[in-house]
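Please keep the viewer open as you go.

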Amino acid sequence: MSGRTLVVVPNWVGDCVMAQPVLSALAASGRPVVVLAKRGLVPLFSVFPDLSGTLERVADDEATLSAIR
């Protein structure tokens, strides 16, 4: 399977922590998993071992999406 998976994570710390099993399951499928998170949550995802990367969400989502493409 080619490509990568972008996951836009919730804005709350607890919800992000509870999303960890889902992110791990997605990574187990063999696809690189990248999360898009608000600035304050980006450091949290550095402890998630299965992620391929983290992108910081900016105020203008169009700018963020064009950076991904």
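Predicted model: local features only at pLDDT ≥ 70, side-chain atom pairs only at ≥ 80, totals over all residues.

Residues are numbered from 1 along each chain as its sequence is written, and side-chain values use heavy atoms, with hydrogens and water left out.

**The chain as a whole**

- The protein chain holds three helices and three strands, and along the sequence they follow the pattern β-α-α-β-β-α. Helices (H or I, at least four residues) and strands (E, at least two) are DSSP runs numbered from the N terminus.
- Of its 69 residues, 26% count as buried, where buried means under 20% relative accessible area, exposed means over 50%, and partly exposed lies in between (1.4 Å probe, protein chains only).
- Among contacts with a separation of 6 or more, 51% are between residues 24 or more positions apart; a contact means heavy atoms within 4.5 Å.

**The sheet**

- Three strands make an open sheet in the order E1-E2-E3, with parallel pairing. Strands E1 (5–8) and E3 (53–57) are at the edges with a single partner strand each, so one side of each has no neighbour in the sheet.
- From one strand to the next, the twist averages 25°. Axes are lines fitted to C-alpha atoms, for helices over the stretch in contact, and angles run from 0 to 180 degrees between N-to-C directions.
- E1 and E2 are joined by four bridges, and E2 and E3 by five; two strands pair if DSSP finds at least two bridges between them.
- To locate these pairings in the viewer, find Thr-5 opposite Val-33 in E2 and Lys-38 opposite Arg-57 in E3.
- E2 is mostly covered, with five of its six residues buried.

**The nonpolar core**

- The largest nonpolar core has 12 residues, including Val-7, Leu-23, Val-33, Val-35, Phe-45 and Leu-51. Such a core is a set of buried Ala, Val, Leu, Ile, Met, Phe, Trp, Tyr and Cys residues joined through side-chain atoms within 4.5 Å.
- Helix H2 (20–28) and strand E2 (33–38) are the elements that give two or more residues to this core, and E2 supplies the largest share, three residues.
- Leaving aside residues up to four places away in sequence, Val-7 touches Leu-23, Leu-26, Val-33, Val-34, Val-35 and Leu-36.

**Helix H2 and its residues**

- H2 lies across E1 and E2 and runs at about 150° to E2.
- Ser-24 is in H2 and counts as buried because its relative accessibility is 19%. The side chains of Ser-24 and Asp-50 are joined by a polar contact of 2.6 Å. A polar contact is a pair of N or O atoms within 3.5 Å; within protein, one must be able to donate a hydrogen and the other to accept it, and residues adjacent in sequence count only if both atoms are side-chain atoms.
- Leu-26, also in H2, is partly exposed at a relative accessible area of 30%. Not counting residues up to four places away in sequence, Leu-26 touches Thr-5, Val-7, Arg-31 and Val-33.
- Between Leu-26 and Asp-50 there are 8.9 Å in space, C-alpha to C-alpha, and the two are 24 residues apart in sequence.
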